[in-house]
2 protein chains.
Amino acid sequence: MISLDPIGHVRSTLTRREHAPKQGHEGAPVARLVFEPRVILALANVQRGDELLVLTWLHEADRDTLQVHPRDDPRLPLTGVFSTRSQDRPNPIGVHRVRVTSIVGPAELEIADLEAFDGTPVLDIKTVLDRLRER
Amino acid sequence: MISLDPIGHVRSTLTRREHAPKQGHEGAPVARLVFEPRVILALANVQRGDELLVLTWLHEADRDTLQVHPRDDPRLPLTGVFSTRSQDRPNPIGVHRVRVTSIVGPAELEIADLEAFDGTPVLDIKTVLDRLRER
C-alpha cells in the first residue's frame, strides 16, 4: 500500500461530474491550482506560459470498474479501462496537460485547459519535457 | 490521505538508480509490465503497437526534496521540482510514454522506452489520446 498526501487542489467553476467536458480541449474553463504552503519552494520556477503536466486524484471515480463504453457512448463496445482515458479505473490518477496563464501568488496558479472538478486533489506537477531544452 | 494499491510492477534489466538513463529515449532497455490478476479485464484491448502512458511509483525517490539541480548537474541552478522531471518530489509518480512491442500473456506486456527500475510499482496505464480517433 502506498500513501499519498495531496500537494494542493483544483479551484474551478466545474462542480458536478455531469458537466465536465470529456477532455480539456473540448471547453474546460479557466481554473486555479491552490497549493499547500509546505510545497511552495517546489513551485519557485513555474512561470506564466509554462506547459505543465498536472496529476490529480479523481476522487469521484469508481475504482472497481475494469471495462467501460468509451466516452460513455453505449454504442461503443466495452473496452478495458487501460485502453481508455476513463476516470473509472483501479487507481484513478488524472494526467492533464495545461498552460499557466497567471501566477496568482506564491501558492496559486491560474491555468487553462483543465477539465477537473472544483476540489479535486492535486498529486504532482511536472514540466512538459522539451527535448530541445531539457531541464 | 489517499491509498493506492499497485496494479503491477516493472520487470527490467535496469536494477540500480545510477544506471537509469535520465529519460527513456536516451537508451532504456526493453522491459516488461507484469500485472496483478485482478486487473486482467482492464487490459483486454491493449494491442501490440499501442502507445500508452504508464504511471509508476518511483519508490526510491526522496519525498522531502523540493528543489534540485536539473539532470543532477551541479552547474545548473537549483530549480523547484515542479518545473523538472526529477524523481525526487513530494509524490513521486512517474509518467512514461511507452510503446507495446509484444503481448506476452494476459497479464504481461513487453514495452519499449521505459526508464524505470526492476521492481518499480505500476499505478495505472492509459491510452495516449489520439484526437483524431478518440476512444
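**Note on a predicted two-chain model**

1. Strand β1 of chain A (residues 2-4) runs antiparallel to β1(B), and 3 bridges join the two. Within this pairing, A:Ile2 has B:Leu4 as its bridge partner. Please keep in mind that the model is predicted, with local features requiring pLDDT of at least 70.

2. Next, the contact between the chains. Chain A gives 42 residues to it, and chain B gives 42 residues. On chain B, five strands each supply at least two residues of the side that touches chain A: β1 (2-4), β4 (51-57), β6 (79-80), β7 (93-105) and β9 (121-127). The largest share comes from β9(B), with 6 residues. By class, this side of chain B divides into 24 nonpolar, 10 polar and 8 charged residues.

3. How are the two copies related? A rotation of 180 degrees, with 0.0 Å of shift along its axis, superposes chain B on chain A. The RMSD is 0.0 Å. That is the relation of a two-fold axis. Which residue of chain B comes closest to the rotation axis? B:Ser3 does, with its C-alpha at 2.4 Å. The same surface serves both copies, since 100% of the contact residues of chain B recur in chain A.

4. Now the fold of chain A. Its strands form a closed barrel of 6, in the order β2-β3-β8-β7-β4-β9, with antiparallel pairing. From one strand to the next, the twist averages 45 degrees. In general, strands of a sheet pair through backbone hydrogen bonds, either parallel or antiparallel.

5. β8 of chain A (residues 108-112) deserves a point of its own. With β3 of chain A (residues 31-35), β8 pairs in the antiparallel sense over 4 bridges. Here A:Leu33 is bridged to A:Leu109, and A:Ala31 to A:Ile111. With β7 of chain A (residues 93-105), β8(A) is again antiparallel, joined by 5 bridges. A:Val100 has A:Ile111 as its bridge partner in β8(A).

6. Which residues of β8(A) lie on its covered face, and which on the uncovered one? A:Leu109 and A:Ile111 make up the covered face. A:Glu108, A:Glu110 and A:Ala112 are on the uncovered one. A:Leu109 is the bridge partner of A:Leu33. A:Ile111 is the bridge partner of A:Ala31 and of A:Val100.

7. A:Pro92 sits in the loop between β6 (79-80) and β7 of chain A. Is A:Pro92 buried or exposed? A:Pro92 has 21 other C-beta atoms within 10 Å. The cut-off for buried is 20 or more, so A:Pro92 counts as buried.

8. What does A:Pro92 touch, leaving aside its neighbours within four places in sequence? Its contacts are A:Trp57, A:Leu58, A:Ala61, A:Arg63 and A:Gln87. For a sense of distance along this stretch, take A:Val104, 12 residues from A:Pro92 along the chain. The C-alpha atoms of the two are separated by 28 Å.

Methods. Residues numbered from 1 in each chain as written. Chains lettered and ligands numbered in written order. Predicted model: local features only at pLDDT ≥ 70, side-chain atom pairs only at ≥ 80, totals over all residues. Contact = placed C-beta atoms within 7 Å. Nonpolar A, V, L, I, M, F, W, Y, C, P; charged D, E, K, R; others polar. Pairing = 2+ DSSP bridges. Least-squares fit on C-alpha atoms with pLDDT ≥ 70 in both. Axes fitted to C-alpha atoms, helices over the stretch in contact; angles between N-to-C directions. Buried ≥ 20, exposed ≤ 12 C-beta atoms within 10 Å, placed from the backbone.
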